[in-house]
Amino acid sequence: MTLNWSERISPVIRDMPPSGIRRFFDLASEMTGIISLGVGEPDFVTPWAIRETGIQSLRQGYTMYTSNAGLLELREEIAAHLHGFYSVRYEPRSEVLVTVGVSEAVDLALRAIVHSGDEVLIAEPCYVSYAPCVTMAGGVPVPLTTTADNDFRLTAAQVEAAITPRTKALLFNYPNNPTGATMPREDLLEIAKVVEKHNLIVISDEVYDKLTYEGEHTCFAALPGMRDRTILLNGFSKAYAMTGWRLGYACGHSEVIAAMTKIHQYTMICAPITVQKAAIEALRNGTEEMKEMVSSYNQRRRLVLKGFQEIGLPCFEPRGAFYAFPSIRHTGLSSETFAWRLLEETKVAVVPGNALGSAGEGHIRCSYASSVENLTEAIERMGRFLKQFA
């Protein structure tokens with residue numbers, strides 16, 4: 001008897017579409033002469049002192065497991081870092097968990113808190129994994145649409161209007177991927193009132209916190225009354241150019257961190273010790289090089305905004321992360337059609353906005369974490385492409 005695998009795959013997984021970003025770039029990677037503004041990855045190499053620390057740890061024989069929660073020395077550095085920047089305190093032994101990237105932290109947080117049928121409110125457009133992770137945890141993702149008309153900010157009124165008896169949590173990411181939007185402290189304070197009123201949990205993904213170009217980033221957990229109802233997620237990929245190292249962390253109330261650690265110990269066991277050693281160096285001595293990278297991103301941000309304006313591509317001004325999210329509605333094309341044609345006709349790769357939630361339709365995501373030369377050439381190619389829609 002032949003095994004019919006299509007009948008044996010979990011319906012939840014079978015019916016889940018593949019990542020709209022990866023599907024697109026798997027094909028783009030097979031083409032030559034591509035300028036990619038797609039993948040959200042710094043074009044910098046991890047600073048040498050951080051790399052050297054990782055190499056030295058191997059030379060010293062650090063090749064073993066760590067505790068499930070991660071090296072205590074790293075957790076202490078994370079706690080000190082958060083207190084130093086945002087005046088929010090976490091107990092390193094019980095309220096900090098080191099994860100394999102922030103993506104794992106998102107998955108762990110949702111699986112730890114979501115019961116079957118629970119609703120999780122998600123600010124969109126958003127990172128591609130949020131809604132699928134809610135679904136895989138047995139929950140129901142509920143999108144909250146943000147738009148350029150309101151600087152892609154989430155409002156307290158939106159949150160309150162979407163709450164039902166099944167609502168368990170609110171998940172958002174600021175500075176935002178894909179829009180580059182940030183949230184003013186006063187807006188977050190209003191959302192905090194709604195969260196407390198309806199007894200919600202907040203999952204705040206702040207992996208782009210250091211990539212804030214205007215104003216100061218507000219850590220949601222540091223707001224009055226929010227520390228113990230927030231699962232704070234962050235990591236090393238963006239600020240320290242450590243994407244391939246795959247290291248993140250979660251901070252929160254000891255009970256939810258214990259639940260997340262339980263899942264983590266049965267799946268990942270622990271993050272690699274080499275990476276954890278390198279991360280300690282990043283937190284202790286990586287600030288200056290991190291600031292230099294952020295300054296470079298800010299210069300490129302200005303270049304991209306000016307370039308898009310000159311070629312007639314309307315774009316909200318991003319104030320954080322390293323993405324621009326221009327509107328392509330005036331072309332009459334869908335986001336996906338625009339991205340495919342741009343790739344085929346000019347060899348510039350961008351992310352179609354609908355890959356980042358239905359709220360992203362009519363936009364494309366362009367990462368400016370690329371060289372000035374590549375950005376300049378990409379804008380020129382896009383300008384030639386857009387002339388046919390004038």
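Ala321 counts as buried, because its relative accessibility is 0%, and a residue is called buried when the value falls under 20%. In this predicted model, Ala321 is placed in the loop between α12 and β9. Its backbone also deserves attention: phi is positive, at about 60°, although Ala321 is not a glycine. Most residues other than glycine have a negative phi.

A second residue with this feature is Asn199, which is not a glycine and yet has a positive phi of about 55°. Asn199 is found in the loop between α9 and β6. Is Asn199 buried or exposed? Its relative accessible area is 58%, so Asn199 is exposed, given that exposed means over 50%.

Most peptide bonds are trans. The bond that joins Glu124 and Pro125, however, is cis, with omega at about 0°. Pro125 belongs to the loop between β3 (119–124) and α7 (130–136). Likewise, a cis peptide bond leads from Tyr174 to Pro175, where omega is near -10°. The loop that holds Pro175 runs between β5 (167–173) and α9 (185–197).

The discussion now turns to the aromatic side chains. The structure holds 15 aromatic pairs. One of them is formed by Tyr208 and Phe322: the ring centres are 5.7 Å apart and the planes stand at 90°, so this pair is edge-to-face. The label follows because planes over 60 degrees apart count as edge-to-face. Which parts of the chain does this pair tie together? Tyr208 lies in the loop between β6 (201–205) and β7 (230–235), while Phe322 lies in the loop between α12 (287–310) and β9 (323–324), so the pair ties together parts that are 114 residues apart in sequence. Both partners are hidden from the surface: Tyr208 is buried with a relative accessible area of 3%, and Phe322 is buried with 0%. The two rings also take part in a cluster, in which ring pairs link Phe44, Tyr208, Tyr297, Phe322 and Tyr323.

Tyr266 is found in helix α10, which covers residues 254–267, and it is exposed, with a relative accessible area of 69%. Between Tyr266 and Gly38 there are 228 residues of separation in sequence, and their C-alpha atoms are 33 Å apart in space.

With these places in mind, the chain may be viewed as a whole. How many helices and strands does the chain have? There are 14 helices and 12 strands. The radius of gyration is 21 Å, close to the 21 Å that the globule rule gives for 390 residues, so the chain is as compact as a globular protein of that length. The C-alpha trace spans about 65 × 60 × 50 Å along its principal axes.

Of the 390 residues, 56% count as buried. Among the contacts with a separation of 6 or more, 75% are made by residues 24 or more positions apart. The accessible surface comes to about 16900 Å², and carbon and sulfur atoms account for 51% of that surface. As for charge, the chain has 37 positive and 44 negative side chains, and the centres of these two sets lie 2 Å apart.

Definitions and conventions
Residues are numbered from 1 along each chain as its sequence is written. This is a predicted model: local features need pLDDT of at least 70, side-chain atom pairs count only at pLDDT 80 or more; totals for chains, interfaces and linings use all residues. Side-chain values use heavy atoms; hydrogens and water are left out. Helices (H or I, at least four residues) and strands (E, at least two) are DSSP runs, numbered from the N terminus. The radius of gyration is taken over C-alpha atoms; the globule rule is 2.2 Å times the number of residues to the power 0.38. Buried means under 20% relative accessible area, exposed over 50%, partly exposed in between (1.4 Å probe, protein chains only). Contact means heavy atoms within 4.5 Å. Accessible areas come from the Shrake-Rupley method with a 1.4 Å probe; for residues, only the protein chains shown count as cover. Lys and Arg count as positive and Asp and Glu as negative; His and the chain ends are not counted. The place of a charge is taken as NZ of Lys, CZ of Arg, CG of Asp or CD of Glu. Rings of Phe, Tyr and Trp (its six-membered ring) pair if their centres lie within 6.5 Å; planes under 30 degrees apart count as stacked, over 60 as edge-to-face and the rest as tilted.
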